[in-house]
Amino acid sequence: MPVRQSRNRSRRPAGVAAAVAAAALVAAAGSTAAAEPTPPAPAPAAPAHGPAAPAHGAPAKTPAFGAYLDYGPRGVARMAALSHWLGGAELRVGHTYLPGDRWSNIEGAPGFLDVWADWRTRKADRMLVLNVPMMERNEDHVDDDEVRDLLRQGAAGRFDHHFRALAERLVALKVPDTVLVLGWEMNGTTYTHRCGPDPEAWKTYWNRIVTTMRAVPGQKFRFDFAPSRGRDAVPWTRCYPGDATVDIIGMDSYDQPRGMSFDEQVKEPYGLQAHVDFAKAHGKPVSYPEWGLFRNGDNAAYMRRMLAWMDEHKPVYNTVTDYCPHGVWQCDDNPRSTAVYRSVLFGRSDEVEPTAPTPPEPTTPTPPTTPTAPPVPPVPSTVPEPPASCSPLELGDWVEYWLGGKLCMRLDWYARDKQRNK
């Protein structure tokens, strides 16, 4: 693949130092809580820190996901709105980048990380993903000779104290379990922390940084080795520093170069399949810290296939890069891909994967039984019956009307009188 052009990402504008200072003022004013509006429809909480291996017989968990929305307080504030747009889907992953302009910012300047730490600590199941530059002047197009010299200085320990300061800062902010995407896209040409000029020095430098940060009391960091997809300037396998200092093997995978189908992105050398296979061979989980649209425009097929790929391979986390040209929520240029993204993730939480309900066995409906009516008793006659041994006298209707009925003359009077005289 030809060398990839810089994406000119807006996450670190030219005025980054001023933005960091503004973030510090926000933190000092105590307004970090206001940076995260309460989501209108919060989703249920999920297990902390990415999908753990399910217990035997337990259903698998859905992949944790989020989006890169902005590197500062606005990125935190926008997560609630994106969750609402996704029908209350739970965004458990907050993703930001340390400015790589100067060492003081790579150390985590006071105020910059506070709002992210506040968001992370509000719920135990959240995950903070932090991209960490390995060099200052990280996007200043430093030439290969200088990069080579800097890598060798790093390998000799010259910059250890900056990373110790960052580790101490994260522990003090109560986010010691942060996922650190250290020296991302090292196989390309965009960053000063690239691997190509001296892969051996780069690997030694990575190992020094990880060893230094792990030595800080209270830390529980996870280090994510995340090249860009494909060969790029150098095969990313040449930069792999070893299993002892890598916890996650990630990959930044955008829809490029122009004309490449998703199947080709899977099968290309150092592509998606090679990434999954490499991680499996090293006993590591995968992640996708950056992904999204790029050289092929509004590509709904890519969006659908990439989401399905992640559902299949269960990364620790994934975060779509959500600004133009890559994004789906903050970018109006990709309506078809936006519709796919929203339909797939709408209402999703990171709990047990939904399974199709088992339909009930079909049964032949039984016609309702008509209840048998109880026997109706006969209506008693309203015509008075004459007493036994009595013969009614026919006196006419007029007389019977006034008498209230017929007169009756008993025929057994003789027998009754004879009985009394005994």
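## Helix 9 and its buried face

In helix 9, which spans residues 272–281, the buried residues include Leu272, His275, Val276, Phe278 and Ala279. Viewed down the axis of helix 9, the buried residues fall within an arc of 165°, so they line one face of the helix. An α-helix has 3.6 residues a turn, so residues three or four places apart point the same way. The structure described here is a predicted model.

On the other side of helix 9, Lys280 and Ala281 are exposed. The buried residues of helix 9 are covered by elements that include strand 6, strand 7 (253–254), helix 8 (262–267), strand 8 (286–292) and helix 10 (300–313). After helix 9 comes Gly283, which has a positive phi near 65°.

How many disulfides does a search of the whole structure find? The search finds 2. A disulfide is a covalent bond between the sulfur atoms of two cysteines.

One of the disulfides joins Cys195 to Cys239, with an S to S distance of 2.3 Å. Cys195 lies in the loop between strand 4 (179–182) and helix 7 (199–214), while Cys239 lies in the loop between strand 5 (222–225) and strand 6 (248–250), so the pair ties together parts that are 44 residues apart in sequence. The torsion about the S-S bond of Cys195 and Cys239 is about -100°, and the disulfide is therefore left-handed. Both Cys195 and Cys239 are buried.

## The disulfide between Cys324 and Cys331

A disulfide also joins Cys324 to Cys331, with an S to S distance of 1.9 Å. Here the torsion about the S-S bond is about 105°, so the disulfide is right-handed.

Are Cys324 and Cys331 buried or partly exposed? Cys324 is partly exposed, because its relative accessible area is 36%, a value that lies between the limits of 20% and 50%. Cys331 has a relative accessible area of 2% and is therefore buried.

## The nonpolar core

The largest nonpolar core has 96 residues. Which of these residues touch the most other members? They are Phe163, Tyr205, Phe225, Tyr288, Trp291 and Tyr341.

Phe225 may be followed in detail. When its neighbours within four places in sequence are left aside, Phe225 is in contact with several residues, among them Trp202, Trp206, Trp236 and Tyr240. Its contacts also include Met186, Pro241, Val246, Ile248, Ile249 and Gly250.

## Cis peptide bonds

The peptide bond from Gln256 to Pro257 is cis, with omega near -5°. Pro257 is located in the loop between strand 7 and helix 8.

Cys324 and Pro325 are also joined by a cis peptide bond, with omega at about 10°. Pro325 belongs to the loop between strand 9 (318–321) and helix 11 (335–345).

## Positive phi outside glycine

Lys174 is a residue other than glycine, yet its phi has a positive value near 65°. Lys174 is found in the loop between helix 6 (160–172) and strand 4. With a relative accessible area of 65%, Lys174 is exposed.

Tyr270 is not a glycine either, and its phi is positive, at about 65°. Where is Tyr270 placed? Tyr270 is in the loop between helix 8 and helix 9. Its relative accessible area is 26%, and Tyr270 is therefore partly exposed.

Key: Residues are numbered from 1 along each chain as its sequence is written. This is a predicted model: local features need pLDDT of at least 70, side-chain atom pairs count only at pLDDT 80 or more; totals for chains, interfaces and linings use all residues. Side-chain values use heavy atoms; hydrogens and water are left out. A disulfide is a pair of cysteine sulfur atoms within 2.5 Å. Helices (H or I, at least four residues) and strands (E, at least two) are DSSP runs, numbered from the N terminus. Buried means under 20% relative accessible area, exposed over 50%, partly exposed in between (1.4 Å probe, protein chains only). The arc is that of the directions from the helix axis to the C-beta atoms. Contact means heavy atoms within 4.5 Å. A nonpolar core is a set of buried Ala, Val, Leu, Ile, Met, Phe, Trp, Tyr and Cys residues joined through side-chain atoms within 4.5 Å.
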